Amino acid sequence: MRFALSEDQALLQRATREFFAAEFPMACNRRVMEADGPGFEPAGWARLAAMGYLGLTVPAARGGQGLGAVELAVVLEEAGRHGVPGPLLDVMLAAALLAAAPDDTGLLADVLAGRRLAVLARADALYAGAPGPAATFAGGRVRGTKYFVPFAGSADALLVTTAGEVVVAEGPFAAVPLPTFDPAQRFAQVDLDRAATRLGPLELLEPVDQLAAVGASAMLLGIMQTLLDTTIAYTRTRHAFGKPIAAFQALQHRMADMLVRTEATRAAVYRAAWCLDTRDPDAALACAAAKAWAGDAARLVAGEAIQMHGGIGFTWELDVHFHVKRVKTLEQHYGATSAQLERALVAAGY
Amino acid sequence: MDLQLSPAHLKFRDELRAWLRANLRRSWHDELRDPAHDENSLMQFRRRWQRMLHEAGYLGLDWPREWGGRGATAVEKAIFEAEMAAADAPQILNTLGIGLLGPALIHHGSEEQRRRFIPPMLAADEIWCQGFSEPGAGSDLASLKTTAVLDGDHFVLNGQKVWTTFGPWADWIFVLARTDPRDRYGGISFILCKLDTPGVTVRPLRQITGESEFGEVFFEDVRVPRANLVGQIGEGWRIAMTVLAYERGAVGLAMANRYGRDLGALAAACRELGRTDAASREKLGRLVVENEVLRAAGVRMLATLAEGRAPGAESSIEKIMWSEFDKRFRETALDLLGPGGQLLRHAPGARSEVDWAREYLWSRAGTIYSGSSEVQRNIIAKRVLELPQDGR
C-alpha cells in the first residue's frame, strides 16, 4: 500500500513540472491570456501534443500513451499549478471520448498529433435552472445551440451531445464569443445546423465525466497549491506593526485551514483517480466527491489568497486573480458542484 | 500509488470481521438505547467487551509480544479501529490506559512497571485516567502547576487536575506534575498514582450530555512511591508528547466509517420523512462528499503507515478534518430531522437509528479534547507552513 506516486509517475511529474516551468512561464501565460487571440499559443500547443500529453489516457493501440487517471491527475495538477492556459483538459477529454468509439475519419489520430482540435459541446443554456432545448440529430444533421463551448473558435471538430447520442460535427464553426471573467478560457456559443456523424450513445459520456471530475479537481488542486504558496511567501515578506504579517496568529490559522483544504483535496483527487484506474466500486462516489469538494475548497483558498494579499491582491498586476478566476471556471464546469452532489448521493445509494 | 491493502492486511481484516460477526451480539447503538442500561451498566458492558477483545488478541496490536501485544504495526491498529467503527462495536473501557499509558510505558517505562501495569490494563482490571489538564493549563499544558516534591522514597503531590476523562470510573491516574518550578518543559515529570491513595479526591463533572465521563482530581499531600515515576525526573514533557502523538493516531478511516453508518441512517430518515427536496438533498450531499474526503485522507494516512513512515503533522490535519466535520454533520442532521432530532433517546417517539441528540452534543467535544482545533492549527502553522512565530 502506498499513496506516494510510483517511480514512473514521479518521473512524469518531474518531467511535466520542468516542461511547464520552461515552456509555460507565468509571464508568457499572462501575455496569451491578455491577448485577444485564441487563448493558447500554437507553438506551445504543438509541443504539448509532441510530448504526448493530449492522448495520455488513450490506449496505446489507438495512438495514445495508455496511462491512467492518476497520470492524468499528475499532469493536470501541474498545469493548474503553473497557470497553463488553453484547452489542455478539454482536448484530453475529447480524446478520451473519441477513443471510446471507432475512429473512421482519423479524427482521433489528428487530435493526438495536434493537427486538429476537438472539444466537447455540452451546455444547452447560459444559466443554471433554465435548460434550453437539447440539440437534435436526425437525417445526418445536428441542429441546436450549444453554450460555453470551450475554444470553439479554434475547434476543427465538436463532439456534440444531443437528446439521445453524441455526434461529431466538423468545423470551422461560426462561434459567437462568450467572454467570461476568466482569461484562461475562451468560451463561445455555437449555432449548429450541419452534417454530423454519430459517435455513440450518451452512455459513452459516463467514464469521460468521471475523468473530467478527476481532471478538473486535479487542476484545482494545483491552483490551490500555487495560491497557498504565494500567500505564504507574501505574508512572510509583508511587514506591518513591526513584524511579518505571517507572524500574526489570525493569519496563521487561516493559512493552516488553506493547507487542510488543499491536502484534503490531494487525498480526494488521487484516491478518486486510483479508484477509476482500478475499477474500484467506490469510483463513482470518489470522483463526484473529489470534484464537489475541490470546488468548495478552492473557493476558500482563492478567497483567502486575495484577502491576505490586501490591496495588491485586488490588482490586475498580481498573478493571483488569474488563478482565482480559473478556479471559478473549473468549479462551475466539468460537472458543477450541484450536479456532483447529486451524483455522490446516487452513487452512495441515497 | 496503490491504495489496496496488502494480502496480509486483508487477511487480518477478514479474520477480524469474522470475529466481530461471531462475537458482537448487539451494536453499540442498540446497547445505548436499551432502557435496562444506565451509565454504570454501560461502563461495565464496555469492561466485558474489552476482555473479549483482549482474549482474542486484538488489544495492544502494535505492542511487542512480550508486553501482551501482537507485535503488529500501526496499520493493523488503524484497520482494527476502522472495522470496529464499521461494525458499530462499543469502545473498550480502558481507552486511555491502552491508548496512551501503554505506549508511554513501552517507550519510557521500566521493566518492572511494564510487568506490573500492562497485564491488568489489557484485562480491564485496572482502569486508567489521564491527569494532564489543569484549571490553569489546557492548551498551554506546560504551564501546569501540580507539584511533586521528592521526600525520601516518595513523591508528595499537591494540586488539581481537570477534564479528567474516565476520572470517576478509573482506578489509577497518570499525572504530569511539576518537579522543578524553574524549568518550564524540563521541570515536568510523569507519575502514576492510585486513586484510592489518601489525599486524592475525585469529583465527577457533569457534561453537557448529562453524563459524567470526566471529572476533576484533587491532590492534597498525596504520597506516591518513587517507583511510580515513569522515565527520569524531568522527562515528563517528552513522554507526554510521545503519548499525545499516539492519541491523535490514524483515526480518519475509523471516523469515516462511523459517520458513514450514521449518514446512511440520516439518508434513510430523510427519505422516510419526505425530506427529498433540492435543499435537503444538497445538504445531505455535502455531508456525503465531505465524509468521502475524510475517507480518502484516512486511506492516505493508512498508506503512510504502511510505508513505515510515522505520521507527523498529518495527524493534525486529520484531527481538524474529522472533528470539524463532526460538528457540521450533527448540526445539519438536526436541520434535516427538525425538532424531533433533539429528543433524548428514551423519549416517546425518539428515532432509534442514531441518538441524534447525544451525538449533536458530543460533537462539541471533539474540537476541544486531544489538542483543540486551535492548537492543531498552531502545529500546522509552525511545523508544516514554518511561519514565523509570534514573539510575544
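## The nonpolar core

A nonpolar core is here a set of buried Ala, Val, Leu, Ile, Met, Phe, Trp, Tyr and Cys residues joined through C-beta atoms within 7 Å. In this predicted model, the largest such core holds 226 residues, among which A:Ala95, A:Leu158 and A:Val214 touch the most other members. Helix 9 of chain A gives the most to this core, contributing 17 residues.

Leaving aside residues up to four places away in sequence, A:Val214 touches A:Ala69, A:Leu72 and A:Ala73, as well as A:Val269, A:Ala272, A:Ala273, A:Leu276, A:Cys287 and A:Ala290.

## The contact between chains A and B

Between the two chains, 39 residues of chain A are in contact with 39 residues of chain B. On the chain A side, the elements that give two or more residues are helix 7 (205-237), helix 8 (249-277), helix 9 (283-309) and helix 11 (337-347), and of these helix 8 gives the most, with 14 residues. By residue class, this side of chain A divides into 28 nonpolar, six polar and five charged residues.

## Helix 8 of chain A

Just after helix 8, A:Arg279 takes a positive phi of about 50°.

## Confidence of the prediction

For the complex, the predictor gives an ipTM of 0.96 and a pTM of 0.96. Chain B has a mean pLDDT of 94, and 98% of its residues reach 70 or more.

Terms used. Residues numbered from 1 in each chain as written. Chains lettered and ligands numbered in written order. Predicted model: local features only at pLDDT ≥ 70, side-chain atom pairs only at ≥ 80, totals over all residues. Contact = placed C-beta atoms within 7 Å. Helix = DSSP H or I, 4+ residues; strand = E, 2+ residues; numbered from the N terminus. Nonpolar A, V, L, I, M, F, W, Y, C, P; charged D, E, K, R; others polar. pLDDT = per-residue confidence, 0-100. Buried ≥ 20, exposed ≤ 12 C-beta atoms within 10 Å, placed from the backbone.
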